[in-house]
Amino acid sequence: MNVGEVDILVGLPTHNNAKTVGSIVHIIQSGILRGFPRERTVIINADGGSRDGTPELVTGVSIDDVRPSSNLYALRTLHSISTKYASSPPPTSGVAFRTILAAAELLRARACVMMSPESANIEPEWISKLLGPIYRDGFDLVAPTYRRHRFEGLLVTNLLYPMTRALYGLRIREAYSPEFGFSGRLGSQFLGQNVWNDGTEGAGVELRFTLAAITGRYRICQSFLGEKVHVERHAADLVPALRQTVGALFSSLEPDFPVWSVVTGSQPAPTTGADHEVLLEPLRVNRKRLREMFSTGVAELESVFQSILSPSTLAELQRIAGLGEGAFHYPAELWVRTVYEFAAAYRKSAISRDHIIQALAPLFRGRVFTFLMENRDASADDVENNIEGLCLEFERLKPYLLQLWKSRE
Amino acid sequence: MREMIISELSQALHEIARGFAHFLPRLIVMLILAAVGWVFAYVAKVVLRSILRLIKFDKLSENAGASQLLTKAALPSATEMLSRFVFWVAWLGFILLGVSVLGILGLQEQVTRFFLFLPRLFVAMFIMFFGLLAASFFSRAALLAAVNANVPSPRVLSLAVRSIIIVFVLSIVFEELGLAEQTMLVAFGIAFGALMLGLAIAFGMGGRDLARRFLEKKIVRGKKDENDDELSPL
């Protein structure tokens, strides 16, 4: 299919998403018709070898299905193209993203947006919210913000957001998100970077993309999308999630050292709508299991932690691991020191880097337990204050990371 | 009679003197070879030690678990051990070369056998080192996976993985060295078989509940897993 040049490109990475992809494409088309009827648009589906007919569903969705219900008309053709990318199983989001970036560069797209086929509550307005600031206001990256339950996304609130904010100096709430908008020039610049050849196959590419935008001094803003509802994830997903996010963050620290080492404090990013919203309804959580897994991890992985943590941090962790459920408390300062020492050990490759990331999982569970206890009866403001307190702790202890970094050079 | 004795004695002394005169240059050559060998071995030791320090061999050895073994045996670091080993092998090689110059019957064959054995010794050491490295890596991987999956007794699992790999590596090393091949084969078979049987019984007895939960989860739809009460990290 000859598409020529386009104004807008919508990227949709898929792998066996037949259940949801049809409705997602409908919503994307509806969003384009509402917000950008005059623009030349293409939907690029990068598929990782689906066996459930996902690519056929993407290309088979007709824009005529959208028009009668919404009374909307496109003044330009809207193409849907599906391409299969080569990847050793399992398919990675990095390879899909690279395929979409290459297509964007080839088609000279001005503005692009990535959409997730797993978002359960995507709305047509999301397209305008993510593309508008780029297409009309000249921003280069639009990161989403969501309405979340106070106990959802705890890896984001307890590590990713505070650490990226403290190190890179910009308050991006969702630096790792499957939905975001970006300019063609940022996409082209990132496509030429070395992240694709560092042996990680672009793992955690969404986070690396955000960090590349910050270090490249591109114009970044946030846009509130609404409630985030995604496919249910269980505890077994924690280690892959750590690899995708914390692994990507730690591996970015070394090349980005000249940037983050001179940053002090943090600045808010321009935001359309709320920069966060918190849901407070009760949620059933197995807290006992979290604490037990922390204590077991600290006891069983002592030999591993000796290669990663300082003796004082390890001793303190062993002390709190022996506390009962009522007295257990993993303080923010100790958590920050733990994370920074892990980052330094990752840089030094004290042991296998993947093992370092895996060793963080039981400690994260301990921190989650404390977060749950601290915010059990908290209001939305209290939860936000606690997160802000943790962020400030990450910023306050940043010299400690610099000291670790320099001492291990 | 007397003249005959003197003549025989003087002839014997001449023979000894001629033999010694014939042997002396060879002895000097041997001593020179030993001295040159010492210098060569010393230089090789210093160069190797520098290279090993440069590539942080001690760190690698620590990861392989070899350093812990050396420390327990009150031996020097892995870098120092390997450097000294190379020094002695090189010097011994030169000394044996010198001995072969002496032309003493019977020693020639031993010297040849020593030089033929050297490559096998190096290969065996290579296999042993990387075997220990692999054992350390995979036992730690098993430990981390078991802890994160909340499997009971993760250290036992990790130790089992390490033991299996080390037993396997040792059998290869002994085979490579050609030491008691038959004995090692039988010992390996017995040890490996016993280990597997032990593991089978241990997993069978200890893993009943795990297997039951796994099957219930897979077969009985809708049964809640204890993980269901955990939170989404992202």
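Axes in these views are lines fitted to C-alpha atoms, for helices over the stretch in contact, and angles run from 0 to 180 degrees between N-to-C directions. The model is predicted, and local features need pLDDT of at least 70 while side-chain atom pairs count only at pLDDT 80 or more, although totals for chains, interfaces and linings use all residues. Residues are numbered from 1 along each chain as its sequence is written, and chains are lettered from A, with ligands numbered from 1, in the order in which they are written.

**View 1. Packing of helix α1 against helix α5 in chain A.** Helix α1 (residues 18–35) of chain A and helix α5 (residues 125–135) of chain A have axes 7 Å apart and pack at an angle of about 60 degrees. That angle makes α1(A) oblique to α5(A), on a scale where angles under 35 degrees count as roughly parallel, over 145 as roughly antiparallel, 65 to 115 as roughly perpendicular and the rest as oblique. Helices (H or I, at least four residues) and strands (E, at least two) are DSSP runs, numbered from the N terminus. The crossing of α1(A) past α5(A) is right-handed; a crossing is left-handed if the near helix is turned anticlockwise from the far one by less than a right angle, and right-handed if clockwise. On the side of α1(A), the residues that meet α5(A) are A:I28, A:G31, A:I32, A:R34 and A:G35, and their partners in α5(A) are A:E125, A:W126, A:I127, A:S128, A:L131 and A:G132, where two residues are in contact if their C-beta atoms, placed from the backbone, lie within 7 Å. By class, this contact of α1(A) with α5(A) has five nonpolar, four polar and two charged residues (Ala, Val, Leu, Ile, Met, Phe, Trp, Tyr, Cys and Pro count as nonpolar, Asp, Glu, Lys and Arg as charged, and the others, Gly among them, as polar).

View 2. The buried residues of α1(A) are A:V21, A:I24, A:V25, A:I27, A:I28, A:Q29, A:S30, A:G31, A:I32, A:L33 and A:G35. A residue is buried if 20 or more other C-beta atoms, placed from the backbone, lie within 10 Å of its own, exposed if 12 or fewer, and partly exposed in between. With 16 C-beta neighbours inside 10 Å, A:N16 counts as partly exposed.

**View 3. Packing of helix α4 against helix α7 in chain A.** The axes of helix α4 (residues 93–106) of chain A and helix α7 (residues 184–191) of chain A come within 9 Å and cross at roughly 125 degrees, and the two helices are therefore oblique to each other. Here α4(A) passes α7(A) in a left-handed crossing. From α4(A), A:L101, A:A102, A:A104 and A:E105 make the contact, together with A:G184, A:G187, A:S188, A:F190 and A:L191 of α7(A). Sorted by class, the contact of α4(A) with α7(A) has five nonpolar, three polar and one charged residues.

**View 4. Helix α8 of chain A.** Helix α8 (residues 205–215) of chain A is mostly covered, with 10 of its 11 residues buried. Those buried residues are A:V205, A:E206, A:L207, A:R208, A:F209, A:T210, A:L211, A:A212, A:A213 and A:I214. Just after α8(A), A:R217 takes a positive phi of about 55 degrees.

**View 5. The side of chain B that touches chain A.** In this interface, 20 residues of chain B are in contact with 33 residues of chain A. The elements that give two or more residues to the side of chain B that touches chain A are α5 (107–148) and α6 (154–177) of chain B, and α5(B) gives the most, with seven residues. The residues on this side of chain B divide into nine nonpolar, five polar and six charged. B:S153 lies in the loop between α5 and α6 of chain B; its phi is near 50 degrees, a positive value in a residue other than glycine. B:S153 is partly exposed, with 13 other C-beta atoms within 10 Å.
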